[in-house]
Amino acid sequence: METAQSQEQTAPGAFTAFARFVLCGGGVGVASSFAVAALASWVPWVVANALITVVSTLLATELHARFTFGAGGRATWRQHTQSAGSAAAAYVVTSVAMLVLQQLVAAPGAVLEQVVYLSASALAGVARFVVLRVIVFARGRTQAPAAPRAALPVPATVARTSAPADTAALCRAA
């Protein structure tokens, strides 16, 4: 039978977490870029980006909770809400980047749109990693407070002297 300590997962280091973040979040991001491009042929690009951002955020938050940051379980509502806040900021970054592109280039090609979108997504992704690691999936916020430490035992080699029983001797000793 496993103990509570053996069931508890340790948080991965920053490098490992970032590698997992890139694999999970980047994979979802690349798939999202194609989904946005496909959906944008039927609805305005900003609407397509909003819909895909919602779906991809839910999926990525679950992946990050289970694999990236070592939580080992499903994401909580608080984590989904906080992750949605960082995704909203990423949505603004990608939308502004695409709107600026459309202002600068009259008819940008699909490749240029993908380059701009993925570049803006990568920039927003690095910021999201920091927010998710430091705030959303921080280990100290999801675990119960640690039990207070017990006092350290006094080594047996320490010699103990008996206190004088006489109060006058105590006063002189002070």
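Select Ser95 and Asn49 in this predicted model: their side chains make a polar contact at 3.3 Å. Ser95 sits in helix α4, which spans residues 77-104. With a relative accessible area of 7%, Ser95 falls under the 20% cut-off and is therefore buried.

Keep Trp45 and move to the largest nonpolar core, which has 10 residues. Select Val36, Trp45, Ala48, Ile52, Ala97, Met98, Leu101, Val116, Tyr117 and Ala120 to display this core. Helices α3 (45-68), α4 and α5 (110-136) each supply at least two of its residues.

Within that set, centre on Met98. Not counting residues up to four places away in sequence, Met98 touches Trp45, Glu113, Val116 and Tyr117.

Next, select Ala17, Phe21, Phe69 and Leu132. These are among the nine residues of a second, separate core.

Last stop: the largest pocket. It holds about 530 Å³ of space. To find its centre, select Gly25, Gly26, Gly29, Ser121 and Gly125, the closest to that point of the 28 lining residues. Then colour by helix: α2 (14-39), α3, α4 and α5 each supply at least two residues of the lining, and α2 gives the most, with nine. Coloured by residue class instead, the lining divides into 15 nonpolar, 12 polar and one charged.

Definitions and conventions:
Residues numbered from 1 in each chain as written. Predicted model: local features only at pLDDT ≥ 70, side-chain atom pairs only at ≥ 80, totals over all residues. Heavy atoms only, no water. Helix = DSSP H or I, 4+ residues; strand = E, 2+ residues; numbered from the N terminus. Buried < 20%, exposed > 50% of the residue type's maximum accessible area, 1.4 Å probe, protein only. Polar contact = N/O pair within 3.5 Å; in protein donor to acceptor, adjacent residues only side chain to side chain. Core = buried A, V, L, I, M, F, W, Y, C linked by side-chain atoms within 4.5 Å. Contact = heavy atoms within 4.5 Å. 1 Å grid on protein atoms, 1.4 Å probe; cavity = no way out; pocket = protein on both sides within 12 Å on 5 of 7 lines; lining within 4 Å. Points joined across faces, edges and corners; volume = space filled by probe spheres on them. Nonpolar A, V, L, I, M, F, W, Y, C, P; charged D, E, K, R; others polar.
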